[in-house]
Amino acid sequence: MARKVGICAIAQTTYEKNKWGARFQEMALEVLESIQQQTGVDFSETGITMSISVSDDVFDARTISDNAMTDVLGAHLGCEEKIAQEGIQALYYGLAAIQSGHEDVVLIVGHCKESQGKSRNMVTHLAFDPFFTRPVGLDFCAAAGLQAQAYAMKSGIGDEELARIVVRSSENAVKNPMLPEAKKLTMKEVMASPMIADPIRALHAYPVSDGAVGMLLVAEDRVKEFTDTPVWIKGVGNCMDSFFMGDRNLASNFALKKAAQIAYKRAGIDNPGKAFDIIEVSDQYAYQQPMWMEGLGIIDDGKGNEWIKKDGPQKNNVNISGGTLAGSPLLLGGLVRAAEAAIQLKGEAGDRQVANAKTALAHGVMGPAGQFHSIAVLERG
Amino acid sequence: MNIEKDNQFVIEGKLALPYQYFSGRTGSRFLIRLRDDKKINGLKCNACNKVFVPPRSTCEICGETIQDNWVEVKDTGTVTGFTVVRYSEPHQPVKAPYILALIKLDGADTPFAHIVQGIAIENMKVGLKVKAKFAEKTTSTIMDINCFMPAG
Ligand SMILES: [Zn+2]
């Protein structure tokens, strides 16, 4: 059997709407220094031998934005990889590099400053093709509107339930020290916020966010050199759906179901409804929280609305961190979810700690209307 | 006074690169038919019995090459989903608010995204029958269909 891979340290900057006074290299350095301080790791032959950066050229407004960080990543003297996808994919790469025997100690650092561009929608617009989908003005927000409408028709979810999701997220967010700008929202405030892409209201959408996140991944046999409380990566899975949204059934969760199936099989999860003490899903928009929970098979298909009404998110410990809704950059959503899940499993979550959390699920999503999903199952060491 | 943040600044920049995209053998043919004849064509996978609009040369379900299997579809169809875009961005083709819909043309199996006009937002619904209104000026893109309007 392949050797296990442990998350030995987790570090994050705060997530804020506009960290104008921090360069992305500086945010990444803050993360690296925290990881070094936690573990004593360095870039020597027995330290980090592979760095994986997560970045996006358009958000950074410079190509090959990872090569601007060689000093931070130590990569000018070693192996460097880049994820230009959902950040949770860095866990996948790191896991593969270690399980294959190529590496023992892998650094992951993701950064994104959404605030640098004039508009996040203008960035996501570029994900579409120039002949058929860009000309009609598509971006991820409009695509989410199409999916939200399809999911509302399927599940019956309405304005009040969507507002409940946002209010709970804001209540959790104020307990998360990584979100200094979080403030408690009321049902009235959410329901009075303007529609942006029906049925999505302005406060149903995650805020523009800047920040960085990182982890240290280490092979089983060397984990003890860096921590007494590792978190094991038990299984990962991902799936990419069709490019054209009309080729997909937008409310079907097709790709997410497949991604979950693969991850559960690898992690030995038979009953996802009962398996997880902590669940962190990438809810960029409020409707996605119950919808992704259906796709993950943790609640029954089409039952997301009922689940919200019955206080399901609280009972299932979903997004205790506040979730993506409370603020993490698009690119890093899933990696931040994994970071928050791992912090819980290490027992380092402070005011938001869930007692005796042993198994967690972290989820990331990328592309318009949930085209790509990636999942990691984590377990306390 | 914030000593730490004083005497620090941001500089203005812009990502702007004129660019040419090859529209592809399949895409070119679709767009030429649309531009010159105001006809909408799809590509059919005979193995999957599915007509794709927009067209593509390979069926992603079974991997079959389908680039020669052109079939004409109608310029009428049904709205399978929609949203109302109420925010404004420079990449939008019309002024917000506007209706962005997924439209399954009669004869096609895959809906595609386009703008619906000629109906009040509050009357918009899934299942609405629509008809293409062709553009007067070509852009050699899908906007050679100006928008869809309620049919009949
Ligand atoms: Zn086929």
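Here are some questions and answers on how the terms used for this predicted model follow from its values.

The model is predicted, so local features need pLDDT of at least 70 and side-chain atom pairs count only at pLDDT 80 or more, while totals for chains, interfaces and linings use all residues. Residues are numbered from 1 along each chain as its sequence is written, chains are lettered from A and ligands numbered from 1 in the order in which they are written, and side-chain values use heavy atoms, with hydrogens and water left out.

Q: What makes chain A as compact as a globular protein of its length?
A: The radius of gyration is taken over C-alpha atoms, and the globule rule is 2.2 Å times the number of residues to the power 0.38. For 381 residues that rule gives 21 Å, and chain A comes to 19 Å, which is close, so chain A is as compact as a globular protein of that length. Its C-alpha trace spans about 55 × 45 × 40 Å along the principal axes.

Q: Why is helix α11 of chain A called mostly covered?
A: Buried means under 20% relative accessible area, exposed over 50%, and partly exposed in between (1.4 Å probe, protein chains only). In α11 (residues 288–295), 8 of 8 residues are buried, among them A:Trp292 and A:Glu294. Helices (H or I, at least four residues) and strands (E, at least two) are DSSP runs, numbered from the N terminus. Just after α11(A), A:Gly297 has a positive phi of about 75°. Over chain A as a whole, 64% of the 381 residues count as buried.

Q: Why is the pair A:Lys82 and A:Asp57 called a salt bridge?
A: The term asks for a side-chain nitrogen of Lys or Arg within 4 Å of a carboxyl oxygen of Asp or Glu. Here the closest N and O atoms are 2.7 Å apart, so the pair meets the definition. It links distant parts of the chain, strand β3 (residues 79–83) and helix α2 (residues 57–60), with the partners 25 residues apart.

Q: How do you know that chains A and B touch?
A: Contact means heavy atoms within 4.5 Å, and 32 residues of chain A are in contact with 41 residues of chain B. The buried area, meaning the accessible area (1.4 Å probe) that two parts lose on being put together, summed over both, is about 3100 Å². Of what chain A buries against chain B, A:Phe131, A:Phe132 and A:Val136 supply 22%, more than any other three residues.

Q: Why does A:Asp198 with B:Arg86 count as a salt bridge?
A: The closest N and O atoms are 2.6 Å apart, within the 4 Å limit, so the pair qualifies.
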